[in-house]
Amino acid sequence: MRQSKVFELIKLKFPQVSEEDLTKAVIVPQELLPAVANYLKGQDLSFDNLHCITAVDRLERIELVYIFYSFKNRQQAIVKVYLPIDAAEVESLTKFYRSADWFEREVYDLFGVKFLNHPNLARILNPQDWKGYPLRKNYTNPNLIRKP
Amino acid sequence: MAITEQIPGAEFIHKLPGGPVVLASTEKIFKWAKSSSLWPLTFGLACCAIEMIAAGASRFDIDRFGAGVFRASPRQCDVMIVAGTISVKMGECVKLLYEQMPEPKYVMALGNCAISGGIFYYDTYSVVKGTESLGIPVDVYIPGCPPRPENLFFGLMKLQEIVRKERHAAK
Ligand code: SF4
């Protein structure tokens, strides 16, 4: 199945989604994410593996990037969710994919995205009492020396 | 005579009628013995540790300098070779290990990361800027990224020199 075919199938079911020009990723509105994930995991597409979650700080928004993989069809699908930077909250996918647990904790730790209904949203890499989210563009820390 | 000059501590051996005798102050002998038997801590943090491991293996053989007994507990060591990048989280652990070592203790900073943060000096939130910024005094700095085992040996010989020149043998 081609990537464009995957997009068409998702578009058929959820008309609100769109396609990003450069990356051909599927852009999903924030509130639809659990439903889309459920659909991706289901019989039609069988994306049985959540491969990776990461995020990009674009200053005015945070882009969450989900990479799904289907072992059956040997294919991956990239889903993006745009979040406003001052209210970066999205539903957790731990209900559908258990691998989401640690991925979401990592994104929370480094980008400060809150995953709602996550079973244990604690920092995973930095010390528990760490302040701030280091991979945000506006992060500062007395120990962090910017290259002149 | 040429051979005895090459062995460490040769300056203590004097030839007198009846055979060679060792003649020195006990303090000198003590320091010489201490410098020839350093016990490093089994402790590596990043890529520089690989060089330290190579130095410990047969090809380079750190045992030639009497510093080959890597101990797995800080309580049995007197040299800490800080080999690698110290992350903020690991920094607490390094401090704890240093505190646990009995006196006399020496610290060698192996590699740029352990000296100053190295390539992680700029734009990194998670790396400590060198061993000294943790409040641990460093006796020998060995620059390089990574330093070769020979550099480590050079540093080790410098450390032996420091130990031999100490004011009090029982530091
Ligand atoms: S100095 Fe270079 S080789 Fe050594 S730990 Fe740092 S980055 Fe690795």
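How do the residues of the shell around the ligand divide into nonpolar, polar and charged?

**View 1. The ligand shell in chain B of a predicted model.** Seven residues of the shell are nonpolar, four are polar and none is charged (Ala, Val, Leu, Ile, Met, Phe, Trp, Tyr, Cys and Pro count as nonpolar, Asp, Glu, Lys and Arg as charged, and the others, Gly among them, as polar). Residues around the ligand include Cys47(B), Cys48(B), Asn112(B), Cys113(B) and Cys145(B); a residue is included if one of its heavy atoms lies within 4 Å. Helix 3 (47-56) and helix 5 (112-116) of chain B each give two or more residues to this shell (helices are DSSP runs of H or I, at least four residues, numbered from the N terminus).

**View 2. The aromatic pair of Tyr66(A) and Phe68(A).** The pair is stacked because the ring centres are 6.3 Å apart and the planes are at 10 degrees (rings of Phe, Tyr and Trp, its six-membered ring, pair with centres within 6.5 Å; planes under 30 degrees apart are stacked, over 60 edge-to-face, the rest tilted). Tyr66(A) is buried at 0% relative accessibility, and Phe68(A) is buried at 1% (buried is under 20% relative accessible area, exposed over 50%, partly exposed in between; 1.4 Å probe, protein chains only).

**View 3. Lysines over tyrosine rings in chain B.** Lys105(B) lies over the face of Tyr98(B), 4.3 Å from the ring centre. The charged end of Lys129(B) is over the ring of Tyr121(B), 5.7 Å from its centre (NZ of Lys or CZ of Arg within 6 Å of the ring centre and within 35 degrees of the ring normal).

Residues are numbered from 1 along each chain as its sequence is written, with chains lettered from A and ligands numbered from 1 in the order in which they are written. In this predicted model local features need pLDDT of at least 70 and side-chain atom pairs pLDDT 80 or more, while totals for chains, interfaces and linings use all residues; side-chain values use heavy atoms, leaving out hydrogens and water.
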